[in-house]
Each structure stands twice: as C-alpha cells, then as structure tokens.
Amino acid sequence: MTRFASVNNGLKLIKDEGLVAIHDAARPVINADFIGNLFSAAFTYGSAIPSIYINDTIRIIDGDTSHQADRTFLRAIQTPQVYKVSELQRAYTQPYQSIFTDDGSVMEAAGFHVHLTEGRPGNIKITHLQDIAVAEVLMKRLTAEERRS
C-alpha cells in the first residue's frame, strides 16, 4: 500500500473539522513540545510542515553531467505534518501521482499553499541500519531532558 492510500484511508474515517497530524513511524524521536509547536503554526497558517536546512552539497544530474544546486533554496522535509482536516481531505480526492512523496506535495498539487516551519535536526528518519543506533542515542537524550523539566 502506498503512503497516499494509507493516509487517504485514515482521512475517510475523520468526520469532524479541525487539525490533523500525519506522521511517519520511521521518525520516532519527537516530543510533545515539537508537536505542540506544529499545531500552533497550523492553527495560524492553515498548515505546518517541519523543514530543516540542508548542510550537504547537492548536485543535480543532467544526463551525463551534473551541476551544483543552490542549497539556500532547499529544505529537507519532515513529519509530522499538520493540516486542516477538510483541506487535506479535499486534496486527497485527486488521483495518485508518483510525485506525491509527502502530504505537502498532495496539498500543493491540489492548489493549496503549504507553510514550512522549523524542523528538528534530531527528528531523524530511520532508513538505514545505522540510523537505529543514532535514534537510540537521541531518544535517551530526549528522555533525560524530559525528566529534568
């Protein structure tokens, strides 16, 4: 099942208006303050997509050559992403496209504006085996910080 189909199935079960957060299980290192900030931003702007600056040099492949991308115009997108329920439901009535890699891409394709908010570098996505070790360290640190507050 695609992410698009999974989110669409969940949205069909929501009958009330309000805000909804869509999150990846592959990003387990989040906390209540981060989620609360996203909901506050979505309440103000209609949506909230956490994003972080890209530190790496990025190259765009063009046939047999490549050229450097200006990373000042690039952001890495994270979850959870927060939207108005009715707008996200409307966006998900369109047919699936392969460019839909997150809910923001679905919203934009449906003509909605999306609002980028500050993400967290520690909000990593577990994709590779070594990411598990990094996530364990980050979760221990997060738990220790929460105990102190």
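Helices (H or I, at least four residues) and strands (E, at least two) are DSSP runs, numbered from the N terminus.

## Basis of the model

This is a predicted model, in which local features need pLDDT of at least 70 and side-chain atom pairs count only at pLDDT 80 or more, while totals for chains, interfaces and linings use all residues. Residues are numbered from 1 along each chain as its sequence is written, and side-chain values use heavy atoms, with hydrogens and water left out.

## Arginine 27

Arginine 27 lies in the loop between strand 1 (19-22) and helix 2 (32-45). Arginine 27 is buried (under 20% relative accessible area, with exposed over 50% and partly exposed in between; 1.4 Å probe, protein chains only). Even so, arginine 27 has no salt bridge (a side-chain nitrogen of Lys or Arg within 4 Å of a carboxyl oxygen of Asp or Glu). Aspartate 24, the nearest side chain of opposite charge, is 4.1 Å away; Lys and Arg count as positive and Asp and Glu as negative, and His and the chain ends are not counted.

## Nonpolar cores

A nonpolar core is a set of buried Ala, Val, Leu, Ile, Met, Phe, Trp, Tyr and Cys residues joined through side-chain atoms within 4.5 Å. The largest one has 16 residues, and Leu11, Val20, Tyr83, Leu88, Tyr92, Val106 and Met107 have the most contacts inside it. At least two residues of this core come from each of helix 1 (3-11), strand 1, helix 3 (85-91) and helix 4 (103-109).

A second, separate core has six residues, among them Leu38, Ala41, Ala48 and Val82.
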